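I opened this notebook to record what I looked up in one model. The entries follow the order in which I consulted the coordinates.

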Amino acid sequence: IKHHLAGTKKDVSACDKVGPEVKKQMWDIVVGLQANLIKKLNPPKKKLPKMTITMIKRWKGCQIL
């Protein structure tokens with residue numbers, strides 16, 4: 001029903017009985033829901049910790065077989 005009232009024509013016909021204010025409100029809701037969905041589907045990648053001096057020293061001390 002949100003798409004119907006917003007007039008997006010996604011899977012439904014646009015409603016021609018609501019005013020522009022209602023269409024704008026519904027449009028904002030639909031856009032917000034889409035943004036939330038995109039965030040859920042594409043979670044931010046975790047940053048790897050920066051190598052500390054101790055980690056570098058340990059890495060340099062490793063023997064390669």
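**Entry 1**

I use buried for under 20% relative accessible area, exposed for over 50%, and partly exposed for the range in between, with a 1.4 Å probe and protein chains only. V30 lies in helix α2. I take helices (H or I, at least four residues) and strands (E, at least two) as DSSP runs, numbered from the N terminus. Leaving aside residues up to four places away in sequence, I find that V30 touches K2, H3 and A6; contact here means heavy atoms within 4.5 Å. V30 and H3 stand 27 residues apart in sequence, and their C-alpha atoms are 7.1 Å apart in space.

**Entry 2: Basis of the model**

I note that this is a predicted model, in which local features need pLDDT of at least 70 and side-chain atom pairs count only at pLDDT 80 or more, while totals for chains, interfaces and linings use all residues. Residues are numbered from 1 along each chain as its sequence is written, and side-chain values use heavy atoms, with hydrogens and water left out. I read pLDDT as the predictor's confidence in each residue, from 0 to 100. For the protein chain the mean pLDDT is 80, and 78% of the residues reach 70 or more. Confidence is highest in helix α2 (residues 20–41), at a mean of 90, and lowest in helix α3 (residues 53–61), at 68.

**Entry 3: Fold and surface**

I recorded three helices and zero strands in the protein chain, which gives the pattern α-α-α along the sequence. Of the 65 residues, 6% count as buried. I list the accessible surface of the chain as about 6500 Å², with 63% of it belonging to carbon and sulfur atoms. These areas come from the Shrake-Rupley method with a 1.4 Å probe; for residues, only the protein chains shown count as cover.

**Entry 4: Salt bridge**

How many salt bridges does the rule give? I count one salt bridge, the rule being a side-chain nitrogen of Lys or Arg within 4 Å of a carboxyl oxygen of Asp or Glu. The side chains of D28 and K24 form this pair, at 2.9 Å from N to O. D28 and K24 both belong to helix α2 and are four residues apart, about one turn of the helix. I find D28 partly exposed, with a relative accessible area of 40%, and K24 likewise partly exposed at 48%.

**Entry 5: The loop between α1 and α2**

I checked D11, which lies in the loop between α1 (2–6) and α2. D11 has a positive phi of about 65 degrees although it is not a glycine. At 74% relative accessibility, D11 counts as exposed. I also looked up G19, found in the loop between α1 and α2. G19 counts as partly exposed, at 31% relative accessibility.
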